[in-house]
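Have the structure open and follow along.

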Amino acid sequence: MQTKRSNSLLLLLLILAMVLAVADLSLGSVVIPMRDVLKSLTGQGAGKSTWEYIVLNYRLPKTITAILTGAGLSTCGLLMQTLFRNPLAGPYVLGLSSGSSLGVALVILGAAWLPQSWNLFSEMSLVVASLAGSFVVLMAVLAVSQKLRDTMSILIVGLMFGSFTSAFVSILTYFSSAEQLQKFTFWSMGNLGNLSWNSLATLACCVCIGLILTVFCIKSLDALLLGENYARSLGINYPKTQTIIIIATSILAGSITAFTGPIAFIGLAVPHIARLIFKTSQHRILFWATIILGAIIMLLCDILSQPPGTDLMLPINAITSIIGAPVVIWLLLQPAQRRH
């Protein structure tokens, strides 16, 4: 009965995600009729050539980016909350976001000390720097995880890495110009609309790799809910599972942050929304639920970030925080036994 109900809910959510995807393609500074959006997607040609150009070259990459971002970050949150058995764990607890921010800060705020050739490919240099920063933190966390057997110690180490890299960002910020600070601030607000098709293909590959790694851990994740010792008693190779979870989270969070900037609250809030809706702790259900719900919420945030018929573009991080923060507050107000 539970499986039938879950499948029905997943189907309804999938339909809702498709409707929101079409709405995201339709709404914006120029409102395009949904019929013309569908014609553009199927190659039949929209009523105006400018509409077709907007849909295929600007809004479609942005919509796909929103879907990938929501699905990837939500999965990261689910993995981290299960591994650390902490309902307030999110995609960036390992310090990956801070590592990415340090990499970008070195390029933007430390541009005066970098070779001039970096400025020729500014957007790509930001992506490379962000990936490099998160990769360095990943290597450090993996090295520490081989020494420490306690998952909570790894969580603390991740937070310390985050504080350490944030300190360097603060130093760079102090010595930077107003123009550099403005550019770094804009990056930190998040942006779904800057990806080319080549960049989008790279992001999609990274997200798919992270999700595939997660699939291999689904059975182990249910056991981890009851603790490391219980998981070991079931014959689960805990160190291997822990490493796969950390790598999957790092690939997902690192690549998404590199291409879109740090997106707040989605990874933290969506897994709890999935548990609330589906009323289950089975990860074979929660995995698909978080992916679809993450895509739905990011699409909704993308729609709200640009009110239809206006040129106003709100930072995507502001919208995700408005939606995500009340969920976290609600979670904190719940009794401890209901947070898991």
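A disulfide is a pair of cysteine sulfur atoms within 2.5 Å. Keep that cut-off in mind while looking at this predicted model.

**Cysteines**

How many disulfides does the structure hold? The count is zero. Cys 217, for one, is in no disulfide, and the nearest cysteine sulfur, that of Cys 76, is 12 Å away.

| Helix pair | Axis distance | Angle |
|---|---|---|
| Helix 4 (residues 96–108) and helix 7 (residues 178–188) | within 10 Å | roughly 150° |
| Helix 3 (residues 49–83) and helix 12 (residues 266–278) | 7 Å | about 75° |

Take helix 4 and helix 7 to begin with. Given their angle, they are roughly antiparallel to each other, and their crossing is right-handed. On the helix 4 side, the contact is made by Ser 100, Ser 101, Val 104, Ala 105 and Ile 108, while helix 7 brings Gln 180, Lys 183, Phe 184 and Trp 187. Sorted by class, this contact has five nonpolar, three polar and one charged residues.

How are helix 3 and helix 12 oriented to each other? Their angle makes them roughly perpendicular. From helix 3, the residues that meet helix 12 are Gly 70, Leu 73, Ser 74, Gly 77, Leu 78, Gln 81 and Thr 82. Facing them in helix 12 are Ile 266, Gly 267, Leu 268, Val 270, Pro 271, His 272 and Arg 275. By class, the contact of helix 3 with helix 12 has six nonpolar, seven polar and one charged residues.

**A loop residue**

One last stop is Asp 150, in the loop between helix 5 (122–147) and helix 6 (151–174). With 40% relative accessibility, Asp 150 counts as partly exposed. How far apart are Asp 150 and Phe 84 in sequence and in space? They are separated by 66 residues in sequence, and their C-alpha atoms are 9.6 Å apart.

Terms used. Residues are numbered from 1 along each chain as its sequence is written. This is a predicted model: local features need pLDDT of at least 70, side-chain atom pairs count only at pLDDT 80 or more; totals for chains, interfaces and linings use all residues. Side-chain values use heavy atoms; hydrogens and water are left out. Axes are lines fitted to C-alpha atoms, for helices over the stretch in contact, and angles run from 0 to 180 degrees between N-to-C directions. Helices (H or I, at least four residues) and strands (E, at least two) are DSSP runs, numbered from the N terminus. Angles under 35 degrees count as roughly parallel, over 145 as roughly antiparallel, 65 to 115 as roughly perpendicular and the rest as oblique. A crossing is left-handed if the near helix is turned anticlockwise from the far one by less than a right angle, and right-handed if clockwise. Contact means heavy atoms within 4.5 Å. Ala, Val, Leu, Ile, Met, Phe, Trp, Tyr, Cys and Pro count as nonpolar, Asp, Glu, Lys and Arg as charged, and the others, Gly among them, as polar. Buried means under 20% relative accessible area, exposed over 50%, partly exposed in between (1.4 Å probe, protein chains only).
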